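Have the structure open as you read.

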Amino acid sequence: MADIAAPNATVLAAGSRSGLHKLMQRKSTIAFLMALPLILLIAILVAYPAGYAVYLAMLNKSMSKFVGFGTFEFILKRQAFWDVVYQSCLFAISAVIFKAIIGFVVAHFVHNIPAKGQRKWRGMLLVPWVIPPAMSTLAWLWLFDPSYSAFNWIFAHFGISAVPWLGEAGWARFAVILVNIWAGAPFFMIMYLAALKSVPEQLHEAAAIDGATWWQKIWYVNLPMMRNIIAITALFSLIVTFANFDIVRVLTNGGPLTATQIFATWAFKVGIESGDIPQGAAVSLFMAPILAIAAAFILRNISKRGSEV
Amino acid sequence: MANAAIAAGAAGRPIKYRSMSRDRQWAMRWSYFFLVLFVIFFLTPPLYMFITSLKSSGEISAAKNPWWVYAPTLSNYTELLGQNQYLVFFRNSALVSVCVVIVTMVISVTAAFALARMKFWGSATLATGVFLTYLIPDSLLFIPLFKMFAFVRDTTGIELMNHWWTLIIIYPTLSVPFATWIMIGYFASIPKELDEAALIDGATWMQTLTRIFIPVAMPGIIAATIFSFTVSWAQFLYPLAFTTSTDQLVLPVGIVTTLIKGDVFNWGQIMTGALLGAAPPLIIYAFLMDYYIAGLTAGATKG
């Protein structure tokens, strides 16, 4: 096919250079028009609001005066802000680490069992990822209920006193992290399983012949082969978990007091519920540097993969 | 293939073969054991939702075993589905999701074709920009969008706040970038000879797209469609910020804000509502699992 097409193209190019030029021009015009809805959507509803947020954050509370970085300075002096920074980082980092470990381990378990049963197990393990997070968090809220907690009922049978799941700062933080792990681990599992399937079987055979134990096979064969996917998935999940809103909002709404407040929920509370739009915009903008760093790493990884292939 | 390799090795060294197969069997047994534990962990909340949805409020507040249904009843389902409010939430969610899917697919398929095949000035930058847009979370944009809506009202008189159809305008910002990214990946994998042949035969670019690319990239299109649907169905922050009247709410927000009244939690109904709300994505997932997985993981495997 290519052999036939190529001579034609050269004939065309030699025959009418100006005609071809015109065609190229037309082609790029059509292409631009086809991409125009996408460009407009991104420009009007993503790029413009992002810039507008910076402007909004520089106004005073009644939005009548330009105050520059005054709002940012004010936020930086609030203890509540530093609590939010600490909690957002704590939740995102610990949840992503556990998601990655669980995802890696479970992917290996699924990979170990016979191929024809894998589909069924994979299907069951992915359910948390399919249920909309706002809905599944409601189930967790009910499981953590102060007076009817089903977990506490089980604990009571073993003589363990009732756990104040959402009532005490430490437990509430644990609960938020647990729900994050529950909702996010299946995504890691499926990504790592795909990566695991792409590790050539010959490598395992070679390792087995060299007398490698199962642990050595995982550590020296699977892990290096999956490194890229592990990094991309973790960074990606870091962004999603860090900017997450649904889980904390439904589970604790930032409480008790502000013990589980994170950037997204605090920005919502300040900006929408209390009506202080400049401060809300400023709070959400503090997420940007961390997101940008993660995004830069993802882009670097993806382009690196592109050049490898 | 692995079995063949082991069998070949077994012919020469039977002892090695036996130990390897025993290792493998133990690995399998342990794998099953831990898989059962993880499945229990992952399925407990949805299962508990289902258990609670079958209970009357009397049984929920009784100090009995919460993990068992003593007197199963469908009253929560009949009450909820007989209630106009819940059906309105469901209708709003369905309308928003279907419209968003259509808008998303039209925008992203044409744009992906242009970006993957018909390079133009700045097209490479735009492709990267699309991916970056996907990484901008909703929690960064809802405040400026909130203010922009007020500005639109003040200048043009069009009220965007507190209408379910406003969501059709803003949800594509969440679904289009990723759908475009999926489609760029699929289109790029189609051999160049195919569209060259079509162009030589006199097809226009539009015809090449509709007659060749769309049929060939059908798996990608299904995956992107499912992805857009799931994103619009599950979105929580935008409707919570932009809609307030009960007749304008979509499902997730409707359940959270109307079924929870002050300190009175009607857990039977909340769990029923949440379970029914989770049903559409779960049903799609049950029937189209492979497309579903392909769609939601393509971002990191392709590109």
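## Domains of chain B

Chain B splits into domain 1 (2-53) and domain 2 (82-301), with bounds taken from an automatic or database domain assignment. Where they touch, domain 1 of chain B puts in 4 residues and domain 2 of chain B puts in 6 residues; contact here means C-beta atoms, placed from the backbone, within 7 Å. On the domain 1 side there are 2 nonpolar, 2 polar and no charged residues. For those classes, Ala, Val, Leu, Ile, Met, Phe, Trp, Tyr, Cys and Pro are nonpolar, Asp, Glu, Lys and Arg are charged, and the others, Gly among them, are polar.

This is a predicted model: local features need pLDDT of at least 70, side-chain atom pairs count only at pLDDT 80 or more, and totals for chains, interfaces and linings use all residues. Residues are numbered from 1 along each chain as its sequence is written, while chains are lettered from A and ligands numbered from 1 in the order in which they are written.

## Chain B against chain A

Here 80 residues of chain B meet 83 residues of chain A. Helix α2 (residues 14-53) of chain B gives the largest share of chain B's side, 16 residues; helices are DSSP runs (H or I, at least four residues), numbered from the N terminus. That side of chain B has 64 nonpolar, 13 polar and 3 charged residues.

## A helix crossing in chain B

Helix α4 (residues 75-82) of chain B and helix α15 (residues 267-287) of chain B have axes that come within 9 Å and cross at roughly 70 degrees. So α4(B) is roughly perpendicular to α15(B) (65 to 115 degrees). Axes are lines fitted to C-alpha atoms over the stretch in contact, with angles from 0 to 180 degrees between N-to-C directions.

From α4(B) come Asn76(B), Tyr77(B), Glu79(B) and Leu80(B), meeting Gly268(B), Gln269(B), Thr272(B) and Gly273(B) of α15(B). By class, the residues of this contact are 2 nonpolar, 5 polar and 1 charged.

Methods: Helix = DSSP H or I, 4+ residues; strand = E, 2+ residues; numbered from the N terminus. Parallel < 35°, antiparallel > 145°, perpendicular 65-115°, else oblique. Contact = placed C-beta atoms within 7 Å.
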